[in-house]
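Here is my note for your first look at this model. Please read the points in order, with the structure open beside you.

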Amino acid sequence: MAVNSGLPPYYENHGYQPENFYISRPPVDANVYPQYPPPYYPPSVPHYVPRVPVHQSAPPVVQPKPPSAKLCAPKVKKTLCIVLSVAIILLGAVIAAILIWYFVANSCLGSSIECGSSGKCVSPSQWCDGVAHCSNGEDENRCVRLYGPNFILEVYSSVSKSWYPVCQDNWNNNYGKIACKDMGYNVNTYYYSQGITHEKGSTSFMRLNTSAGNIDLYKKLYKSDSCVSGKVVSLRCIECGLSRKNANPSGRIVGGSAAVQKEWPWQVSLQIQSSHVCGGSIITPEWIVTAAHCVEGQLSSPNYWSVYAGILTQKETRERSGYRVQKIISHPNYDSDSKDNDVALMKLQTPLSFTGTVAPVCLPNPGMMFQPNQQCWISGWGAEYPGGKTSDVLNAVMVPLIERSICNYATVYNGLVLPTMICAGYLEGRKDSCQGDSGGPLVTEKNSVWWLVGDTSWGTGCASRRRPGVYGNMTVFTDWIYRNMQANR
């Protein structure tokens, strides 16, 4: 992969930054981001507008008369009518009481994380933010992350206010499963733990106190300046980023070529009324990453959507049923005008079964750096030319990353590319995302693993000169994704 070593690191994932770290810009000029009729179209930037089937108006529903209407006829005894009416009222009151109890008793419904024994609910944005919100401090004591391309397990020390790698001494897979669960993964996807030499050459570690007894994992960990084995834990919570794709470029998306089986197993088609609307990426059996602009407004209801995985052509969707969506979570700081924080999560009602053609892509870990000219790939069923129809065939094309400062030149996007965005493509045009590719993956290969660099967000035209594609910067969103996976297990 081409790397411009003369330039400083490009997009680096620092991990666990506050969600409001990047302040949304005020809405830009309406001519740059026009709204698209009909109202069922998610508002978006030019040419990346999902084509959504216009919903048919449902015929008026004739409300049946209540059973009591017939029973209260003149020939029916007045006493029976009164009894029935009282019973209906009491039944409604009971149902209302049950619902009120359910929502009050389950105060952590939605995207909140329960503290534990205290039962207090904490917003994902307050988890691991350096301030203890739980009475027992669980929100700061259970902070784990994977660092760098080798998936090094790091634990946050609330005492030192720093992240440290975990020494492999006395570590086992049972501990690994606990750490993965605390990042929001299902233990059924657990892959492995192993010891590796730490790439950063750390002198401080988190070590296990084996004499601490049967207590919480994080209470067993303590900061130490020694690690007998000399190795740190490399933790894989899910087997991700596997592809048969040869990373060497070839060459519809625009200017690309048709994909083949097992090249992009994480690519999904998000559909409404049996029509492709947006793309998405598999990150776990239950979770899909897509763009927030695909699911804004009326389309935020999960009932509209079906998810199709493991397909190459849209024709295949007519031969099978899609996966239903249980929940949609858009980034709370998403701005529909500027497309700031253009990312969303879909949780499926039933988990995907992983095969050679259905598999997850890896989320970029903190510490990973993507540099200008790094080769990335985009894929999708989007139009093959500006203004065209969505493709029946899954297409893909290689696009290099472009330095953000270049994309913000006055002759390119004139400052519209924010830190939550990443640019990729060619200033001369030719190859690019287009309509129907929104929400789909921008990926790159590193250490024989494929990583999700971004989600297709916006662009002016398709493959136009000085108008490269703009994508959600996944390195900014990974901590938000993990917190919401944890809060909605």
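1. Start with the link of Cys434 and Cys462. With 80 degrees about the S-S bond, this link is right-handed. The two sulfur atoms lie 2.0 Å apart, and the pair forms a disulfide. Cys434 sits in the loop between β21 (421-424) and β22 (441-446), and Cys462 in the loop between β23 (449-458) and β24 (469-473), so the bond ties together parts that are 28 residues apart in sequence. Both Cys434 and Cys462 are buried. Keep in mind that this is a predicted model.

2. Turn next to Cys180 and Cys237. They form a disulfide with sulfur atoms 2.0 Å apart. The torsion here is -90 degrees about the S-S bond, and the link is left-handed. Cys180 belongs to helix α4 (residues 173-181), whereas Cys237 lies in the loop between β10 (232-236) and β11 (257-258), so this pair joins parts that are 57 residues apart in sequence. Cys180 and Cys237 are both buried.

3. Now look at Cys278 and Cys294. Their sulfur atoms are 2.1 Å apart, and they form a disulfide. Why is this disulfide called left-handed? Because the torsion about the S-S bond of Cys278 and Cys294 is about -95 degrees. Cys278 is in strand β13 (residues 275-282) and Cys294 is in the loop between β14 (287-290) and β15 (305-309), so the pair ties together parts that are 16 residues apart in sequence.

4. Are Cys278 and Cys294 buried or exposed? Buried means under 20% relative accessible area. Cys278 has 0% relative accessibility, so it counts as buried. Cys294 is buried too, because its relative accessible area is 0%. Another cysteine to check is Cys376. Cys376 also counts as buried, because its relative accessibility is 0%.

5. How many disulfides are there? The count comes to 6. The pairs described above are among them: Cys180 with Cys237, Cys278 with Cys294, and Cys434 with Cys462.

6. Step back to the whole chain. The protein chain has 7 helices and 24 strands. It holds 489 residues, and buried residues make up 52% of them. The accessible surface comes to about 21,800 Å². Carbon and sulfur atoms account for 53% of that surface.

7. Go inside. The largest nonpolar core has 92 residues. Which of these touch the most other members? They are Leu235, Trp305, Leu442 and Ile481. Helix α7 (residues 474-487) gives the most to this core, with 7 residues. Take Ile481 as a case to trace on screen. Leaving aside neighbours within four places in sequence, Ile481 is in contact with Ile283, Val289, Leu345, Leu363 and Met474. Another core, of 11 residues, lies apart from the largest one. Its members include Val412, Val417, Leu418 and Trp458.

8. Finish on the outside. Ile82, Val86 and Leu90 form a nonpolar patch on the surface. Together they have about 270 Å² of accessible area. Leu90 is found in helix α2 (residues 78-105). Exposed means over 50% relative accessible area. Leu90 has 52%, so it is exposed.

Key: Residues are numbered from 1 along each chain as its sequence is written. This is a predicted model: local features need pLDDT of at least 70, side-chain atom pairs count only at pLDDT 80 or more; totals for chains, interfaces and linings use all residues. Side-chain values use heavy atoms; hydrogens and water are left out. A disulfide is a pair of cysteine sulfur atoms within 2.5 Å. Helices (H or I, at least four residues) and strands (E, at least two) are DSSP runs, numbered from the N terminus. Buried means under 20% relative accessible area, exposed over 50%, partly exposed in between (1.4 Å probe, protein chains only). Patches are made of residues with over 30% relative accessible area and no salt bridge: like charges are joined within 9 Å, nonpolar side chains (Val, Leu, Ile, Met, Phe, Trp, Tyr) within 5 Å. Accessible areas come from the Shrake-Rupley method with a 1.4 Å probe; for residues, only the protein chains shown count as cover. A salt bridge is a side-chain nitrogen of Lys or Arg within 4 Å of a carboxyl oxygen of Asp or Glu. A nonpolar core is a set of buried Ala, Val, Leu, Ile, Met, Phe, Trp, Tyr and Cys residues joined through side-chain atoms within 4.5 Å. Contact means heavy atoms within 4.5 Å.
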